[in-house]
Amino acid sequence: MLTLNSSQIGPSAARRATAHYCRAMYPWVDADEVVLVVGELLGNAIRHTRGPWHLSLDQRQGKLVAAVRDHSNKAPVPRSGDLCGGGGFGLGIVRRLATDFRVIPHQQGKTVQASWSRPR
């Protein structure tokens, strides 16, 4: 399991750690796709919430699960992409690249989770 949080590491180092971890532990997954998704999840946590974030990558029930926890109770909302720099593409990228996507609410925040199924 890989666990990182914003008090230890910045988002670019978290992406590098994700790439290294995926290549070493999960050769069956496209590490570049996981890094892109993790980057989007971290970017959303940083851009749209206040406070620290926590990233974990782990295998559960044959799936690689990337989860970002933050302290906002607001669920991510899909938006139309803005080609002039206003964003709105991240959630679509996550949903397209991951096998599964979900938001798990907590009393003090939420966990946004993307997962990839292991090929049979």
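# Close-up views of the protein

**V34 is in contact with T18, C22, V29, L57, L64 and W116, with neighbours within four places in sequence left aside.** Contact means that heavy atoms lie within 4.5 Å. This is a predicted model, in which local features need pLDDT of at least 70 and side-chain atom pairs count only at pLDDT 80 or more, while totals for chains, interfaces and linings use all residues. Residues are numbered from 1 along each chain as its sequence is written, and side-chain values use heavy atoms, with hydrogens and water left out. V34 is found in helix 2; helices (H or I, at least four residues) and strands (E, at least two) are DSSP runs, numbered from the N terminus. With a relative accessible area of 0%, V34 is buried. Buried means under 20% relative accessible area, exposed over 50%, and partly exposed in between (1.4 Å probe, protein chains only). A19 lies 15 residues from V34 in sequence, and their C-alpha atoms are 7.6 Å apart in space.

**L64 is a buried residue, with a relative accessible area of 0%.** Its place is in strand 3. Leaving out residues up to four places away in sequence, L64 touches C22, Y26, W28, V29, V34, L57, D58, Q59, A114, S115 and W116. One of these residues, A114, is 50 residues from L64 in sequence, yet the two C-alpha atoms are 8.4 Å apart.

**Helix 1 (residues 11–25) has buried residues and a span that agrees with its length.** The buried residues of helix 1 are A14, T18, A19, Y21 and C22. They pack against strand 1 (2–5), helix 2 (31–48), strand 2 (54–60) and strand 3 (63–70). The expected span of a helix is 1.5 Å times one less than its number of residues. The 15 residues of helix 1 should therefore span 21 Å, and the end C-alpha atoms are 20 Å apart, which agrees.

**S56 in strand 2 and Q61 in the loop between strand 2 and strand 3.** S56 counts as buried, at 8% relative accessibility. Apart from neighbours within four places in sequence, S56 is in contact with M1, L2, T3, V65, A66 and A67. Q61, by contrast, counts as exposed, at 83% relative accessibility. Although Q61 is not a glycine, it has a positive phi of about 50 degrees.

**The setting of these views is a protein of three helices and five strands.** Along the sequence, the pattern is β-α-α-β-β-α-β-β. The radius of gyration is 14 Å, close to the 14 Å that the globule rule gives for 120 residues, so the protein is as compact as a globular protein of that length. The radius is taken over C-alpha atoms, and the globule rule is 2.2 Å times the number of residues to the power 0.38. Taken along the principal axes, the C-alpha atoms fill a box of roughly 35 × 30 × 25 Å. Of the 120 residues, 39% count as buried. Among contacts between residues at least 6 apart in sequence, 57% join residues at least 24 apart.
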